[in-house]
Amino acid sequence: MKSDAQNTDAESVRIEKKLSVGDVVEIEIKDVAHGGHFVAHHGKQVIFVRHAITGEKVKAIITRINNKIMLADTIEVLQPSKYRVTPSCEYVSDQQKIKCGGCDFQHINIEYQRELKEKIVIDQFYRLAKFDLRKFKSIDSEDFHLKSVAPATGLGWRTRMNFAVSKSGKMGMFPHHSNEILEIKDCQIADSRLNVSKFATQNWNGKTKVSLELFAEQVQITHADVPGVFWQSHINAQETLTDYIGEKLIVKPAAKVLDLYSGLGVFGQFILKLQPNIAALTLVDTNVESIKIAKSEFASLLKQINPAVKFNTSASEVLKYLRSEVQSKKSQERTWDLAIVDPPRSGLNSQIIDLLAQLKVSELVYISCDPASLARDFAALQSKNYHLNHIRSFDLFPMTQHIETVAIFGSGVE
Ligand SMILES: C[S@@+](CC[C@H](N)C(=O)[O-])C[C@H]1O[C@@H](n2cnc3c(N)ncnc32)[C@H](O)[C@@H]1O
């Protein structure tokens, strides 16, 4: 699995090419940045450092320089933070020169990881939407916080994992920004039922990828390079997210609901159970297989719950679907009461947000796996008269830099 740090705050920083890849520098570690890095300075040079912690003094090796950013990895901790812990995984230990790219934060105490993640969300909202989440109160007076999710240890939660295959046919992981494959014997964040240690002993010669997925208590093994049917990887993700949405959202009878980036339609199903008397539900996802499965699952679900619901699916891009909706409808018909959006890390964009506004979507539930794209989209939503009613982040990717956030927006236009 390749870590994705392309979206770091670092991207806006120009560097002077004084240091070279492979150089070792002694630096003091400042704030946490988005993307699994911490900020440090070497002279005027900003460096984004992995496997460090705010307040530490470390020796770091420069791993990448391009015309915008300089990245480094910690190779020796000179003054450790009180939040530094010994990782239980040998592939991210301080002794390991090339570390697994799957976990960014295993060297950090789990409670402190969560504090850092909360700070990252606050920083992104401040930088990209000029919005101070520290002063935000939801409509029911709740402050913004990141919530931890069981298991509290942050280990044993992943039910879906992709591995690369090494030249010798063994399962492995990519180190950060590297094509070298680090062979692994086990994975600490994987759910034990995935049986990583058993599959890691097998020979996978002839394959380039091994995907292990826990599905109905069975491990499914696939080798496809294209993304398959999506579902959340944390063992408690679905329940955590739907519990929060159910607590905050009131869905009125006769509501017309869009489930965009629907996958199998887990959120659409949830809304239907929450309010069986909705008038219409449409699922949109590019993945044809997901839509096919969703169609058959909803056929039986609607029979049980409410056969009168007008149910539709579209195996297409969200942008294309929304454009055709806007074009095919007269302005007085362009009304959707609720849209749930659960996009990939890149988020929505201003075109999609503009179309949602044209369709007069009055409430928007945004499930985001990237606080930077969420904050950017929030700025665009504000310009279309949407306001933030609720927001909560969840630690659904412990030990990694990733953060899941649910934000619920209302439209200013009644
Ligand atoms: C983060 S997943 C969410 C899936 C689902 N809501 C769930 O929680 O199981 C994102 C989904 O968006 C779909 N997708 C990616 N890009 C898309 C696009 N441009 N238009 C429509 N669907 C897209 C993927 O196939 C995937 O199912």
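This report describes the ligand surroundings and selected salt bridges of a predicted model.

## Basis of the model

Local features require pLDDT of at least 70 and side-chain atom pairs count only at pLDDT 80 or more, while totals for chains, interfaces and linings use all residues. Residues are numbered from 1 along each chain as its sequence is written, and side-chain values use heavy atoms, with hydrogens and water left out.

## Ligand surroundings

Around the ligand there are 17 residues (a heavy atom within 4 Å), of which Tyr261, Asp285, Thr286, Val318 and Asp342 come nearest.

Polar contacts are pairs of N or O atoms within 3.5 Å. A polar side-chain atom of aspartate 285 lies 2.7 Å from a ligand oxygen atom. Ligand nitrogen atoms are found 3.2 Å from a polar backbone atom of threonine 286 and 3.0 Å from a backbone N or O atom of valine 318. The protein buries 85% of the 590 Å² that the ligand exposes when taken alone (Shrake-Rupley method, 1.4 Å probe).

## Salt bridges

The whole structure contains 20 salt bridges (a side-chain nitrogen of Lys or Arg within 4 Å of a carboxyl oxygen of Asp or Glu). One of them joins aspartate 123 to lysine 119, with the closest N and O atoms 3.0 Å apart. These two residues stand 4 residues apart in helix H1 (residues 110-129), and so are separated by about one helical turn (helices are DSSP runs of H or I, at least four residues).

Glutamate 247 and lysine 248 also meet in a salt bridge, at 3.3 Å from N to O. Glutamate 247 is exposed at 54% relative accessible area, whereas lysine 248 is buried at 11% (buried means under 20%, exposed over 50%, partly exposed in between; 1.4 Å probe, protein chains only). Shared partners link Asp140, Glu142, Glu247, Lys248 and Arg392 into one salt-bridge network.

Key:
A polar contact is a pair of N or O atoms within 3.5 Å; within protein, one must be able to donate a hydrogen and the other to accept it, and residues adjacent in sequence count only if both atoms are side-chain atoms.
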